[in-house]
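Please read them beside the model.

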Amino acid sequence: MVSCLDKTVSQHTPQIRLSYFILSGGDTLNVAMDTTTGVYATDTFFVGDTLRFAFAGLTLSNNLKGVDIKWDSTALNLTFGPWNDIAGILLPESDTLACHLLFPEGYNYIAFPVTCIAKKESASLLGLTLSSDSEFSPAKLEILCNVADTVQ
């Protein structure tokens with residue numbers, strides 16, 4: 001194989017992958033796509049619940065440029081990481097607390113755990129963006145997190 005010597009330009013759509021959404025009690029939270037809007041939606045979970053999942057981004061033969069996760073911090077408390085393993089490679093403009101990660105050339109994969117604690121009743125959007133140097137970039141995925149105040 002001489003793929004490392006290939007000088008052709010490849011253009012691939014970045015891929016966002018998420019693991020199962022696991023609640024604090026060990027139950028799996030269902031997530032389904034609304035085919036009319038293209039937005040995923042969670043089943044209802046409740047204030048105080050902790051939700052965990054893994055984020056993975058793959059840019060194939062293109063360079064990973066950035067990862068951005070946006071959320072309503074009044075409704076959801078999100079934490080990411082640990083960043084110790086990648087802190088040395090992120091560009092200085094990155095903001096790990098806000099999950100705005102920027103990468104130098106040469107990387108095409110990132111994966112990390114995400115923890116989400118429901119703070120208040122809401123239907124909040126969780127926006128995930130993965131960008132690369134591909135002409136088909138970025139990849140975006142939105143999840144509507146449905147949080148209720150109490151079990152009825």
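1. At 3% relative accessibility, Cys 116 counts as buried (under 20% relative accessible area; exposed is over 50%, partly exposed in between, with a 1.4 Å probe and protein chains only). This is a predicted model, in which local features need pLDDT of at least 70, side-chain atom pairs count only at pLDDT 80 or more, and totals for chains, interfaces and linings use all residues. Residues are numbered from 1 along each chain as its sequence is written, and side-chain values use heavy atoms, without hydrogens and water.

2. How many disulfides does the structure hold? It has zero, a disulfide being a pair of cysteine sulfur atoms within 2.5 Å. For Cys 116, the nearest cysteine sulfur is that of Cys 145, 5.5 Å away.

3. The secondary structure comes to zero helices and 13 strands (DSSP runs numbered from the N terminus: H or I of at least four residues for helices, E of at least two for strands).

4. The largest nonpolar core has 34 residues, and Val 67, Ile 69 and Phe 112 have the most contacts inside it. Such a core is a set of buried Ala, Val, Leu, Ile, Met, Phe, Trp, Tyr and Cys residues joined through side-chain atoms within 4.5 Å. Elements giving two or more residues to this core include β8 (64-70) and β11 (109-118).

5. Leaving aside residues up to four places away in sequence, Val 67 touches several residues, among them Cys 99 and Phe 112 (contact means heavy atoms within 4.5 Å).
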